[in-house]
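Biologist: I would like to learn how to read a model like this one. Please take me through it feature by feature.

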Amino acid sequence: MPHVSMTVNGQAAKGEIEGRTLLVEFLRETLGLTGTHVGCDTSQCGACVVHVDGKAVKSCTMFAAEAAGATVDTIEGQAAPDGTLNTIQQAFQDYHGLQCGFCTPGMVMSASALLKDNPKPTEAEVRSYLQGNICRCTGYHNIVKAILAASGQDVSGIAGGIAAE
Amino acid sequence: MYAFEIERPETVEEAIKALSRDEAQPLGGGQTLIPTLKQRLAMPSVLVSLTGIAAMRGICTDDAGLLCIGGGTTHGEVAAGADKFAGLAMMAAKIGDPAVRNRGTMGGSLANNDPSACWPAAALGAGATIVTDKREIAADDFFQGMFDTARDEGEIITEAKFPVPEKSAYAKFEQPASRFALVAAFVAKYSGGVRVAITGASESGVFRWTEAEEALGRDFGPGALDGLHVEPDGMIGDLHGTPEYRAHLVGVMTRRAVEAAR
């Protein structure tokens, strides 16, 4: 069986794979990083979004072999080692940006990709960027609010103006 | 998925050699092929990944002023980097979603020729030249019907060359679940004439709406399209829209593209 090695959350990672092993399977099953979720497994829901060489991708629609030598970042690498949440994660907590939480890893990784390219997005830009991330609790308003808050913008006018306590 | 091997060549020559193996198939960004493999609708023994070939990635302008895009260039890279060709950047920015655009490639989309895909409309609407490892093929000859192209088995789309128009736009009526085009129009105005390509509508795949091209060539404005329509005969009918509905959308989306052209 072929080997693959890559850098995951700043650490060297390697393992045996098959040609058909998906990146998400390698992350979850070989590396035990189960924070990246598989929602639909048909490239639609975005629960499996991770960053490969800094770009958001759906890890259910990329083979592990294609990530050989790449730098991969997952939800596990977002908080500080002592557990302190990063700005986006903290904003999701503050603004109740999750209900069941299943889509959250993908939402946070997509949000982080967006804010890296566009540090002060408009509400419309946030909603457009999240086209490939589905929340089946339909909690979109608070997700959008959390991302705008994480970008340091006033969110009092978003979706009815309910502010965080 | 059935089992297969993956090869990751770094040059076109290595890729061609790998593709000469039994039941080998090229893999672009995989945004169509991987879901197809998951459904066991394809059974290659070897997948030859083309995304590691550096020479097939990127956007540049050649000596003749053509915009040259490498076959392995992603939709996202075109959306961000084709600023001298507004319609092309507009088209690439509307494919799928951001994560899909970070993986899906121009070459993969052109080779697949999905009847509802965006890239075939751009290539045909711009009169692009498709460059493979063996030859150059005019877009007018390349697309040969639903999921069918002039590409031979094992032939790799290394590049496409786009003449840059004076004005262009892409207007897409999205099928909201898949984000493929229910119907979309690519309009490009050149000094020598106007080209209009329609995707998502016809059972024969992407096509040029020549009547609209002639009318817009005389007078490039939405009014030129008054009274023009395509027949529902041969249009796609499915749960998302009847042939009559799609025929109607052809006119609507072409008009919107003309209005948006810059």
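Modeller: Start with contacts in chain A. Two residues are in contact if their C-beta atoms, placed from the backbone, lie within 7 Å. Among contacts in chain A between residues at least 6 apart in sequence, 57% join residues at least 24 apart.

Biologist: What should I know about the model and its numbering?

Modeller: The model is predicted: local features need pLDDT of at least 70, side-chain atom pairs count only at pLDDT 80 or more, and totals for chains, interfaces and linings use all residues. Residues are numbered from 1 along each chain as its sequence is written, while chains are lettered from A and ligands numbered from 1 in the order in which they are written.

Biologist: How many helices and strands are in chain A, and what pattern does it follow?

Modeller: Helices (H or I, at least four residues) and strands (E, at least two) are DSSP runs, numbered from the N terminus. Chain A has 5 helices and 5 strands. Along the sequence the pattern is β-β-α-β-β-β-α-α-α-α.

Biologist: What does the radius of gyration of chain A agree with?

Modeller: The radius is taken over C-alpha atoms, and the globule rule is 2.2 Å times the number of residues to the power 0.38. For 165 residues, a compact globule would have a radius of gyration near 15 Å; chain A has 16 Å, which agrees. The C-alpha trace of chain A spans about 55 × 35 × 25 Å along its principal axes.

Biologist: What share of chain A is buried?

Modeller: A residue is buried if 20 or more other C-beta atoms lie within 10 Å of its own, exposed if 12 or fewer, and partly exposed in between; C-beta atoms are placed from the backbone. In chain A, 48% of the 165 residues are buried.

Biologist: Now sheets. In what order do the strands of the chain A sheet stand?

Modeller: Strands of a sheet pair through backbone hydrogen bonds, either parallel or antiparallel. Here two strands pair if DSSP finds at least two bridges between them. In chain A, 5 strands form an open sheet in the order β2-β1-β5-β3-β4, with mixed pairing. β2 (11–16) and β4 (55–58) of chain A stand at the edges, each with a single partner strand, so one side of each is left without a neighbour in the sheet. Neighbouring strands of this sheet are turned by 40 degrees against each other on average, direction ignored.

Biologist: Which strand pair shows this well, and what packs on the sheet?

Modeller: Take β3 (residues 49–52) of chain A and β4(A): 4 bridges join them, and they run antiparallel. A:V50 stands opposite A:V57 in β4(A). Helix α3 (residues 104–117) of chain A packs on the sheet, touching β3 and β4 of chain A; its direction makes about 40 degrees with that of β3(A). Axes are lines fitted to C-alpha atoms, for helices over the stretch in contact, and angles run from 0 to 180 degrees between N-to-C directions.

Biologist: How many residues does each domain of chain A give to their contact?

Modeller: Domain bounds come from an automatic or database domain assignment. For chain A it gives domain 1 (3–77) and domain 2 (87–156). Their C-alpha centres lie 22 Å apart. The contact takes 14 residues from domain 1 of chain A and 11 residues from domain 2 of chain A. On the domain 1 side, the largest share, 3 residues, comes from β3(A). By class, that side has 7 nonpolar, 7 polar and no charged residues. Ala, Val, Leu, Ile, Met, Phe, Trp, Tyr, Cys and Pro count as nonpolar, Asp, Glu, Lys and Arg as charged, and the others, Gly among them, as polar.

Biologist: Where does chain B touch chain A?

Modeller: The contact takes 21 residues from chain B and 21 residues from chain A. β1 (5–7), α2 (33–38), β3 (46–49) and α5 (98–101) of chain B each supply at least two residues of the chain B side. That side has 10 nonpolar, 6 polar and 5 charged residues.

Biologist: Is strand β11 of chain B enclosed or open, and what are its partners?

Modeller: In β11 (residues 193–199) of chain B, 6 of the 7 residues are buried, so the strand is largely enclosed by the rest of the structure. Strand β10 (residues 181–190) of chain B is joined to β11(B) by 7 bridges, and the two run antiparallel. They form a hairpin with 2 residues between them. B:F186 has B:A197 in β11(B) as its bridge partner. B:A197 also stands opposite B:R208 in β12(B).
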